[in-house]
Amino acid sequence: MRVQLRRCWGPGPVRCATGVRSTPQWRALAGLGVSSGGEEGLGARAREKPPWRVLFFGTDRFAREALRALHAARDNKEEELIEKLEVVTVPSPSPRGLPVKRYAVRSQLPVYEWPDVGPGDYDVGVVASFGRLLSEALILKFPYCLPRWRGPAPIIHTVLHGDKVTGVTIMQIRPKRFDVGPILKQETVPVPPKSTAKELEALLSRLGASMLISVLKNLPESLNSGRQQPAEGVTYAPKISAGKSCIKWEEQTSEQIFRLYRAIGNIIPLQTLWMDNTVKLLDLVEVNSSILADPKLTGQAVIPGSLMYHKQSQMLLVSCKDGWIGVRSVMLKKTLTATDFYNGYLHPWYQTNSQAQPSQCRFQTLRLPAKKQQKKKIVAMQQCIK
């Protein structure tokens, strides 16, 4: 999680500015990351110990967990960790607003919609899943930095590539660069087997929120003991485009397809082509050994994409590079169960083409035009990865 800071720790009072107040307090925080004084126009002197004045930037469920933890800390009068908590989020096409805004309004926290950031002074800015530029050179998109991956879609790529270990890093912002600031706190956790990106997001958001509070309790010490990120072992996790959702039956194994489904299925359904129609695969399941032993599967040659309806399990079976996957529901013109798809489409096809081989009735790889892929960029769960 990126943390914006004015660093003025040292012996005795230290002024961090010359009294110039031409810009809101947070702007200097975002642009500088760390300041040891000088002519940056920060206004009032930063506090050297709690309670902190916090401005929180965030949008989604992942960020909401961090905001929830900050809010609980503000209401805990015994610890006196946070004195003031205000929120900046982005406009939403939904009348309800984004999860962070809904939580802020419900909790009666001051909330501003970007680019409005409010008039207040702050000691600490916390950025979690914000996705907007906070200064000319600093892109604050995906604040949680996890082992191995760096970029816009870390959790998705963690699931997609079958990583066994992930984690959360709370890091300090550096000017003109992002995802490269000193590590203030870092923890690793095993990735639960067969977890979806949504499930992993929930686990990491709770972990990150707890770590954030821990850092704020010992902020000067955390800053002084921060360590530089290693340059090796970093893999970029780019945004996921709509084209990624198109299954390549001849190239992808059943394991790769299931990882893809767990990684992006809750964001965009996996897609394929059937008789020149786009079909979205909504509910994928693994095929157990008893079904795989069915003579209908073992007694004939099939090619990737071949599909048949398995009556006993009421699901579609689709052949891929190395085996089969099961599909319980699809979307054509509307959502259909596997049984509905069989009755409305597969069975009539077989009746019309009674002499055709089963392999002639198959899913084919959907090829989206490049422009269409670009327009349908998925704004993935906005976490940063490392």
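**Close-up views of charged side chains in a predicted model**

**View 1. Glu86 and its polar partner Tyr112.** In this predicted model, the side chains of Glu86 and Tyr112 are joined by a polar contact of 3.0 Å. Glu86 belongs to strand 3 and is buried, yet this residue has no salt bridge. The nearest side chain of opposite charge is that of Lys84, which lies 4.4 Å away, whereas a salt bridge calls for a nitrogen and a carboxyl oxygen within 4 Å of each other.

**View 2. The salt bridge between Arg53 and Asp123.** The side chains of Arg53 and Asp123 come together in a salt bridge with an N to O distance of 2.7 Å. This pair links distant parts of the chain, with Arg53 placed in strand 2 (residues 52–58) and Asp123 in the loop between strand 4 (111–113) and strand 5 (124–128), 70 residues apart. Both Arg53 and Asp123 are buried.

**View 3. The salt bridge between Glu79 and Lys217.** Glu79 and Lys217 form a salt bridge in which the closest N and O atoms are 3.1 Å apart. Because Glu79 lies in the loop between helix 2 (61–75) and strand 3 (82–89), while Lys217 lies in helix 5 (residues 197–217), the pair ties together parts that are 138 residues apart in sequence. Glu79 has a relative accessibility of 41% and therefore counts as partly exposed; Lys217, with a relative accessibility of 40%, likewise counts as partly exposed.

**View 4. The network of Glu255, Arg259 and Arg262.** Salt bridges link Glu255, Arg259 and Arg262 in a network. Within this group, Arg262 forms a salt bridge with Glu255, and the closest N and O atoms of that pair are 3.7 Å apart. The two partners fall into separate accessibility classes, since Arg262, at 12% relative accessibility, counts as buried, whereas Glu255, with a relative accessible area of 38%, is partly exposed.

**Salt bridges across the model.** The count of salt bridges in this model comes to 10; among them are the pairs Arg53 and Asp123, Glu79 and Lys217, and Arg262 and Glu255. Glu86, shown in the opening view, has no salt bridge.

How values were computed: Residues are numbered from 1 along each chain as its sequence is written. This is a predicted model: local features need pLDDT of at least 70, side-chain atom pairs count only at pLDDT 80 or more; totals for chains, interfaces and linings use all residues. Side-chain values use heavy atoms; hydrogens and water are left out. Helices (H or I, at least four residues) and strands (E, at least two) are DSSP runs, numbered from the N terminus. Buried means under 20% relative accessible area, exposed over 50%, partly exposed in between (1.4 Å probe, protein chains only). Lys and Arg count as positive and Asp and Glu as negative; His and the chain ends are not counted. A polar contact is a pair of N or O atoms within 3.5 Å; within protein, one must be able to donate a hydrogen and the other to accept it, and residues adjacent in sequence count only if both atoms are side-chain atoms.
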